[in-house]
Amino acid sequence: MHAPAPPTNLLNAPLIGRLLRWRWGRLFGQTLFLLAALLLIYDGFTGPPLAPENLASVAIWVHYRGFLIFALLFAGNLFCMNCPFTLPRTLAHKLSLAGWRWPRRLRNKWVAISVLMIYLWLYEWLDLWASPLLTVWIVIAYFIAAFILEALFTESPFCKYVCPLGTFNFVSSTISPLQITVSDGEICRTCVGKECINGSPQTLGCGTQLFAPQIQSNLDCVLCLDCARACPHDNVALTVRSPLKEATSSAPWPRRWDLNLLIIIFAFTGVGNAFGMVPPVYELELWLANLLRTDSEGLILFLIFAVLNLALPIGLSLAAAWLSRALAKRTEPLRYTLARYAPAFAPMAFAGWAAHYGGFHFLGSALSIIPVFQNFLLDHGIQALGQPNWALGPALPLSWLDPIELVIVLTGLAASLYALSHRARRAASRPDSPIAQLPWVLLLLGLAIAMMVVFYLPMEMRGSAFFS
Ligand code: SF4
Ligand code: SF4
């Protein structure tokens, strides 16, 4: 019998492998991102107050989010890899102000879910996308929050338990084609120091406390490659895998309420976020304002988002789990049933965000960065790139955007349905019958229909002068 072939290791690839392994590789990427962040902060404070003309709002709300989608789809969590917010981490660790452990009760995703909800609500209520000033204050708030948490606590609680961008990237990267693993599990079994997680006097271990030989999921991996730099046996690998590996995996998925509800909440927020940009939301706001006799837009949006982004996904997924368990004639705890099916929602969830951010906003405004940058240079007396052409915006004909969004949503739906039936067939002890999958199939179909209806409504093209 042959031993299994060692996984293809991108860290051994010519050039790219050397760059990834390079001791200063992450610092280099983070420094580039930091310089970009400083430029955006500068223009946010001193540049044009109109969002479609300011580098900060256009680059962050259109281009950052668009590139993020493509990076997650074709590679992995590249933003966290180069995240500038964690740059002060080393300094914060050296200060080591308190050296506390992150409270045990908070070592889950509930804080991350809450922060993500608050972030989406503030985005809509305060029209963050329309204000370069508020946009850069958010960037500054990220730096401060990351620094304080890193300085006070020993692990990296900001990335793992708090950061809403990290939460977005973690869930999305479960469908990414790259994953950390080890080349030879035998070497790990006899490894004494476990430096990949513990670190050494010269190297950092895994900040989010993942143990390379046991990694089955991209969740919580910031792709920093500290584990690869720390391993004295050169045994950590960055491998290429099927994007559906996690969604269809028969390896046990953690039966945790927070993790599984996070995936389904993430799928619903993809629609909820887009719903805040289409005409029916204004009618609903008006109706609620009359009903509650309030003119507080913040309160009304809070209620709408609380229902769309929290109450609906939690209520419907619990109902689906209960029904599915009854149809399968099982007596297991409800969270076991939820954990069997929730990971199958990841492709659908990502497709919703990809269609909206990547398919609509990015492809619909990608070229808008050119006149904005020309304008920035002109404001600083540099005429090398000429006069801005504010008509530049879409990267593709606008009539293509709706079909592209439709294809993305249908691809996500097909992938999720495939993953669902795969997980049902490989269920512990015995396969679940097709009838037991029905509640989940209906939930996925409902989500896909909601996405298509909302995405096909006239939507605000935020961040582009072309449409204003
Ligand atoms: S990955 Fe490296 S450091 Fe970690 S357990 Fe295996 S051999 Fe040891
Ligand atoms: S496993 Fe940990 S150390 Fe390795 S790349 Fe992921 S987050 Fe970084």
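## Core, ligand shells and domains of a predicted model

The largest nonpolar core holds 120 residues, and Ile263 and Ala349 have the most contacts inside it. A nonpolar core is here a set of buried Ala, Val, Leu, Ile, Met, Phe, Trp, Tyr and Cys residues joined through C-beta atoms within 7 Å. A residue is buried if 20 or more other C-beta atoms lie within 10 Å of its own, exposed if 12 or fewer, and partly exposed in between, with C-beta atoms placed from the backbone. Leaving aside residues up to four places away in sequence, Ala349 touches Val171, Ile263, Phe266, Ala267 and Gly270; contact requires C-beta atoms, placed from the backbone, within 7 Å.

The model is predicted: local features need pLDDT of at least 70, side-chain atom pairs count only at pLDDT 80 or more, and totals for chains, interfaces and linings use all residues. Residues are numbered from 1 along each chain as its sequence is written, while chains are lettered from A and ligands numbered from 1 in the order in which they are written.

Around ligand 1 there are 13 residues, of which Cys188, Cys191, Cys196, Cys231 and Asn235 come nearest. Helix H10 (185-189) and helix H11 (195-198) are the elements that give two or more residues to this shell. Helices are DSSP runs (H or I, at least four residues), numbered from the N terminus. The shell around ligand 2 includes Ile180, Thr208, Asp226 and Cys227. A residue counts as near a molecule if its C-beta atom, placed from the backbone, lies within 6 Å of it.

The table gives the composition by class, where Ala, Val, Leu, Ile, Met, Phe, Trp, Tyr, Cys and Pro count as nonpolar, Asp, Glu, Lys and Arg as charged, and the others, Gly among them, as polar.

| Residue set | Nonpolar | Polar | Charged |
|---|---|---|---|
| Shell around ligand 2 | 10 residues | 1 residue | 1 residue |

An automatic or database assignment of domain bounds divides the protein into domain 1 (19-174), domain 2 (180-245) and domain 3 (248-467). The centres of domain 1 and domain 2, taken over C-alpha atoms, are 23 Å apart. In domain 1, 17 residues are in contact with 15 residues of domain 2.

Helix H20 (residues 401-425) has 25 residues and should span 36 Å at 1.5 Å a residue, which agrees with the 36 Å between its end C-alpha atoms; the expected span is 1.5 Å times one less than the number of residues. Among the buried residues of H20 are Leu401, Ile408, Gly412 and Arg423. The buried residues of H20 pack against helix H13 (245-248), helix H17 (334-341), helix H18 (346-365) and helix H21 (434-456).

Note on methods. Two residues are in contact if their C-beta atoms, placed from the backbone, lie within 7 Å.
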